[in-house]
Amino acid sequence: MTEINSVTTLTQDGDIAIITLNSPPVNALSAKVREGLYEGFKAANASDAKATVLICDGRTFIAGADITEFGGAMTGPSLYDVQEVMENSPKPVIAAIHGTALGGGLEVALCAHYRVAVPSARVGLPEVALGLLPGAGGTQRLPRIVGVEAALDMVTSGRHAPAKQALGMGLVDELVEEGKLLEGALAFARKAVAEGKPLVKVRENNAKLEAARGHPEIFAEFRKANARKFRGFAAPEANIKCIEAAVNSASFEEGLKVERKLFGELMSGSQSAAQRYYFFAERQANKIPDVPDDTPIRPIRKVGIIGAGTMGGGIAMNFANVGIPVVIVEQQQEALDRGLGVIRKNYERTASRGGITAEQVEQRTGLITGSLSMEDSFKDVDLVIEAVFERMDIKKDIFAKLDAICKPGAILATNTSGLDIDEIAAVTKRPQDVIGLHFFSPANVMKLLEIVRADHTAKDVIATSMKLARQIGKIAVLAGVTPGFIGNRILAQRQREAQNLVMDGAMPWDVDRVLYDFGFPMGPFAMGDLAGLDIGWVKEKSHGETIRDVLCEMDRRGQKTGAGYYDYDENRNAKPSPVTEKIINDFIAKSGINPRKVGDDEILERCIFPMINEGVKILEEKKAIRASDVDVVWVNGYGWPVYRGGPMFYGDLVGGPAVVLKKMQEFQAKMGDQFKPAALLEKLAAEGKTFADLKG
Ligand code: T1G
């Protein structure tokens, strides 16, 4: 065995050379790994071996370039150098893939002459998720193997294709037995030598490109079909342009030049900086400083849910989806039947779209049972999640009962979206077992889970909840007990200003347009119309005190009544409403305010900057662990465009605490203390710090 460097060894099995990488956690293409590959292949090429196998130790094949090195000075051999010494090897090179061959990892594998994989492996070019594109020939080699349409899908979706599918697309040449990757790769190498298999250089396969040449409609249709999905993002279009260049360029090198140019542009842009920041922010959110990774986990084998409404039903599906049985308790049979019926319909709809099989529908609905009695059903559950009306008295009554019914060690969770969990926990004799699990509607779809730590919540309850969140496919963020926790508390700032902007003269559709153009899926007024303006509205108590009251009194309750802030046509397309405009103007006139022209910049800053300021307050009060957690909440739970990183990252993008402070002070002077800067914001500005430095 030759140790090429600290992460690479070269061994030989008979007449086959084996280059093994071992650079945890994911064999990313760091300078060390590139050096090991380059020197390893030079040595193998010069040896008497008849073929070379590239394989990785640890949990995965190369999962891409080392993102932590981006923006730093490049040292040692480049990825191109590595690819050249592989592709031009005088003997067959076989890449042996397990785990995930992603990004630069797949681009390296595409420079091997052959690829074998275990069935559990996945391959993909997910650079678009980092606001980038495959910058090591991936956009030029991939379409040469899988064709233009499949390549467009893979580089713009960033999806990880299962090995079996990759085999079907020609990305992998053979599947070998699970757990026997090296043996399978060596056998393939020996067969290649024995049969004198050609040294296939993907870069020379032009057939699939020629088939697409002269068919620009392929790209036009793809752009049209995905315009809505790619809205605001720079990377997808750059990826498409690279595939187009692969088809239209006279040579591989020419296409590679286009790829390199567009890669550089994306890499130096703010969108990729935001998306790379976000990649690590999501992984940081898992880490709770005072809850070590080895904190014991309570087993969750059975879950109880109180309430079969929209939230309860959606929450139940998350557990059934991963094979955990759930019992839902309701007060009336009719409500229970309705709730279980909605769950089945949701699964059947997913099955009708090919998302799951009919058998899985039966399997999952079979795991969800109903009951009218907590006493009968909750004695043996490991976790109960209460998902009933947002009324403190009801929740306290339920938790007092749960305290008496549930076994010792059961976790008692509430899905409240902002009530005081310490007050709820105080009605039990086991506040250490009480925690907030705040799901977002639709709970079976939305990725975010705000896990709320109350004063007495035990560390193993937190650790168990964080782990369970990953198990059910959620991105969890830990929050402290404060009204509205992280997400809703910040949302209240934007909602308040949206309403105030209308009172100052902006129309609802102006505010919505600015936030839509900023990148949100929709603005607050369109969102209100979608959800229904009468949520929490009580007809008997309504006396036209707010614009919403007036709209509801006129039965303009949103999309469901064909009118709300907007007027809706039969296809629910919204258009600004002269009726609403008159209601607003009358309302303003009555309130004695002089309306004025409100510019787009003011709309944006008045909606966004108070959100950043509130994020600072939440960290100041230690209700969040780090600034990036606030961003993970908003990107995953409230539609903040990931290519702007999140409210705190955006704060740094627009110039940092000093800029946000100055604007808040301007607004405070003009409009009042609702814009009062957080003390910590003043401190950050004074110390020249950034929001990214902020820790709770
Ligand atoms: N670079 C550096 N660190 C990485 C990394 C990477 N590419 N991928 C993962 N990590 C770290 C991660 O931060 C975490 O660290 C640990 O590994 C485990 O990750 C030229 C330009 C591979 C599917 O986009 O999608 O190649 O928190 O918690 O859930 O064209 O990580 O433990 O300290 O996510 O099992 C393209 C990114 C790069 C793949 C594993 N590649 N990674 O998921 O573990 S750009 C990617 C993933 C590129 C070229 C271009 C996932 C995973 P820590 P994890 P996981």
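**Figure 1. The largest nonpolar core of the predicted model.** In this predicted model, the largest nonpolar core comprises 97 residues. F378, L402 and I608 are the members with the most contacts inside this core. Helix α25 supplies the largest share of the core, with 10 residues. A separate core, lying apart from the largest one, has 75 residues, and L79, A136, V148 and L152 are among them. As a general point, nonpolar side chains in soluble globular proteins tend to be buried together.

**Figure 2. Surroundings of I608 in the largest nonpolar core.** I608 is one of the residues with the most contacts inside the largest nonpolar core. Leaving aside residues up to four places away in sequence, I608 touches L515, F518, F520, W640 and Y650.

**Figure 3. The second largest pocket.** The volume of the second largest pocket is about 480 Å³. Its lining consists of 16 residues, of which Y516, P521, M522, G523 and A526 are the closest to the pocket centre. Helix α21 gives the most, with 4 residues. Divided by class, the lining of the second largest pocket contains 9 nonpolar, 2 polar and 5 charged residues.

Figure 4. The structure holds 1 cavity of 30 Å³ or more. The volume of the largest cavity is about 30 Å³. Its lining is formed by F319, L437, F439, L449, S465, L468, A469 and I472. Strand β16 and helix α19 (459-471) are the elements that give two or more residues to the lining of the largest cavity. The greatest contribution comes from α19, with 3 residues. By class, the lining of the largest cavity has 7 nonpolar residues, 1 polar residue and no charged residue. In general terms, a probe the size of a water molecule, rolled over the atoms, shows where empty space is left.

**Figure 5. The cis peptide bond between P24 and P25.** The bond from P24 to P25 adopts the cis form, and its omega is near 5 degrees. P25 belongs to the loop that connects β3 (16-21) with α1 (31-46).

**Figure 6. The cis peptide bond between S441 and P442.** From S441 to P442 the peptide bond is likewise cis, with omega near -5 degrees. P442 is situated in the loop between β16 (434-439) and β17 (448-453). Strand β16 also gives two or more residues to the lining of the largest cavity.

**Figure 7. Positive phi at F485.** F485 is not a glycine, yet its phi is positive, at about 50 degrees. The residue F485 occupies the loop between β18 (475-480) and α20 (487-504). F485 counts as buried because its relative accessible area is 0%, under the 20% limit.

**Figure 8. Positive phi at K622.** K622, a residue other than glycine, has a positive phi near 60 degrees. K622 is placed in the loop between α25 (600-620) and α26 (627-637). K622 counts as exposed because its relative accessibility is 59%, over the 50% limit.

Notes:
Residues numbered from 1 in each chain as written. Predicted model: local features only at pLDDT ≥ 70, side-chain atom pairs only at ≥ 80, totals over all residues. Heavy atoms only, no water. Buried < 20%, exposed > 50% of the residue type's maximum accessible area, 1.4 Å probe, protein only. 1 Å grid on protein atoms, 1.4 Å probe; cavity = no way out; pocket = protein on both sides within 12 Å on 5 of 7 lines; lining within 4 Å. Points joined across faces, edges and corners; volume = space filled by probe spheres on them. Nonpolar A, V, L, I, M, F, W, Y, C, P; charged D, E, K, R; others polar. Core = buried A, V, L, I, M, F, W, Y, C linked by side-chain atoms within 4.5 Å. Contact = heavy atoms within 4.5 Å.
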